[in-house]
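Thanks, everyone. I have one model to show you today. Please take a look at the screen.

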Amino acid sequence: MKVDVVIMMCEPKDVVASTKNRAGSLDADLQRRLRDNSASIAYYRTFEYFIESFEDLVTQPCETLKQICGFLGVKLKQTDGKGEQDHLQNRALQMTQSTHDRRGIWKELLTE
């Protein structure tokens with residue numbers, strides 16, 4: 001069985017700066033990332049993989065998606081962008097709302 005894997009990577013310096021900003025300390029996080037990334041590299045060597053940078057996806061979304069789809073053998077369909085704009089508007093609204101504890105909400109919404 002052929003398995004294709006797309007690995008999205010962020011600029012490591014941005015990741016480290018973000019971690020330092022959130023946690024204040026880098027030691028434990030860097031050790032965890034080194035351990036996790038080493039395991040990931042060994043694991044992904046057994047598959048066909050394509051590494052793409054998150055920054056390219058943000059700055060060149062069309063070209064980046066074409067490359068990813070080409071690797072996966074998937075035809076990229078052009079759209080008018082309306083669905084993407086709707087998604088971005090909905091996401092922006094979600095980000096302005098406060099966080100609620102909705103654990104177990106499925107019982108109310110999905111149970112007859």
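How many helices and strands make up the secondary structure of the protein chain? Six helices and two strands. Keep in mind that this is a predicted model. In sequence order, the pattern reads β-α-α-β-α-α-α-α. The radius of gyration is 19 Å, well over the 13 Å from the globule rule for 112 residues, so the chain is more spread out than a compact globule.

Now the overall dimensions. The C-alpha trace spans about 45 × 45 × 35 Å along its principal axes. Of the 112 residues, 8% are buried. The accessible surface of the chain is about 9900 Å². Carbon and sulfur atoms hold 56% of that surface.

On to single residues. Methionine 8 sits in strand β1, which covers residues 4-9. Its relative accessible area is 38%. Buried would need under 20% and exposed over 50%, so methionine 8 is partly exposed.

Last, lysine 82. This residue belongs to helix α5, residues 82-96. Lysine 82 has 49% relative accessibility, so it also counts as partly exposed, under the 50% cut-off. And where is alanine 42 relative to lysine 82? The two lie 40 residues apart along the chain, and their C-alpha atoms are separated by 40 Å.

That's the tour. Over to you.

Key
Residues are numbered from 1 along each chain as its sequence is written. This is a predicted model: local features need pLDDT of at least 70, side-chain atom pairs count only at pLDDT 80 or more; totals for chains, interfaces and linings use all residues. Side-chain values use heavy atoms; hydrogens and water are left out. Helices (H or I, at least four residues) and strands (E, at least two) are DSSP runs, numbered from the N terminus. Buried means under 20% relative accessible area, exposed over 50%, partly exposed in between (1.4 Å probe, protein chains only). The radius of gyration is taken over C-alpha atoms; the globule rule is 2.2 Å times the number of residues to the power 0.38. Accessible areas come from the Shrake-Rupley method with a 1.4 Å probe; for residues, only the protein chains shown count as cover.
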